[in-house]
Amino acid sequence: MNIVLLRLPRPPQPTQQHFMNHQQVSEICFEETYTVPTYQTARSLFTRLPHGKPYAETLIECLATGYLIAVVESICIREMQRQIDPSVEVVVGRTIHVEHCGPIPSGATIRLLGWVERLSQHSATFYIRAYDDHELVCDGKVTLVAADRASMESKIATKVNGLQKVESVS
């Protein structure tokens, strides 16, 4: 049993009114299927990572936990994205708590279920579960934030400028 806890920094406080539709966000629920491609296995992923190459061949051919998280988060983001004004807000991840409960081989189809469990002024927490043909393979929660787009873009630009300065000094 693998437990993954990923906590991202809190986004900056909004500088202007947010437009997230709270009523519609509170009603979000989804049921989807996803077929695992071969390039998303743990072995395939770790082969491409410099520190993973030495042991990648010892891994089993099943969906990498990182890809499972990305699939789950992308569905939740898509659903919340429909309820914001993308010219003013951007949906970003805040917290992800996922238990990867069982192996999922490439070619397998998983059924993902999710709904908004908790809502606050600028965020929504989704409860998610995924099943393959045999068992529960994922159980967890994803909290997303409708952040002020201009503020986030400004913060990123500051960091990019800082990186460029470091590169030009080197």
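Is arginine 129 buried, partly exposed or exposed, and what is its relative accessible area? The third legend below gives the answer. The structure is a predicted model, in which local features need pLDDT of at least 70 and side-chain atom pairs count only at pLDDT 80 or more, while totals for chains, interfaces and linings use all residues. Residues are numbered from 1 along each chain as its sequence is written, and side-chain values use heavy atoms, with hydrogens and water left out.

**View 1. Helix H3 comprises residues 65-81.** Helices (H or I, at least four residues) and strands (E, at least two) are DSSP runs, numbered from the N terminus. The end C-alpha atoms of helix H3 are 24 Å apart, which agrees with the 24 Å that its 17 residues should span at 1.5 Å a residue; the expected span is 1.5 Å times one less than the number of residues. Among the buried residues of H3 are Tyr67, Leu68, Val71, Val72 and Ile75. Here buried means under 20% relative accessible area, exposed over 50%, and partly exposed in between (1.4 Å probe, protein chains only).

**View 2. Arginine 78 and glutamate 79 form a salt bridge.** Their side chains meet at 2.6 Å, N to O; a salt bridge is a side-chain nitrogen of Lys or Arg within 4 Å of a carboxyl oxygen of Asp or Glu. Arginine 78 is partly exposed at 30% relative accessible area, whereas glutamate 79, at 10%, counts as buried.

**View 3. Aspartate 139 and arginine 129 form a salt bridge.** The N to O distance is 3.3 Å. Because aspartate 139 lies in strand E6 and arginine 129 in strand E5 (residues 123-131), the pair ties together parts that are 10 residues apart in sequence. Arginine 129 is partly exposed, with a relative accessible area of 25%.

**View 4. Glutamate 117 and lysine 141 form a salt bridge.** Their side chains meet at 2.8 Å, N to O. This pair links distant parts of the chain, 24 residues apart: glutamate 117 is in strand E4 (residues 109-119) and lysine 141 in strand E6 (residues 136-148). Glutamate 117 is partly exposed at 41% relative accessible area, and lysine 141 is partly exposed at 33%.

**View 5. Threonine 125 is located in strand E5.** This threonine is buried, with a relative accessible area of 3%. A polar contact of 2.8 Å joins the side chains of threonine 125 and threonine 143; such a contact is a pair of N or O atoms within 3.5 Å, and within protein one must be able to donate a hydrogen and the other to accept it, with residues adjacent in sequence counting only if both atoms are side-chain atoms.
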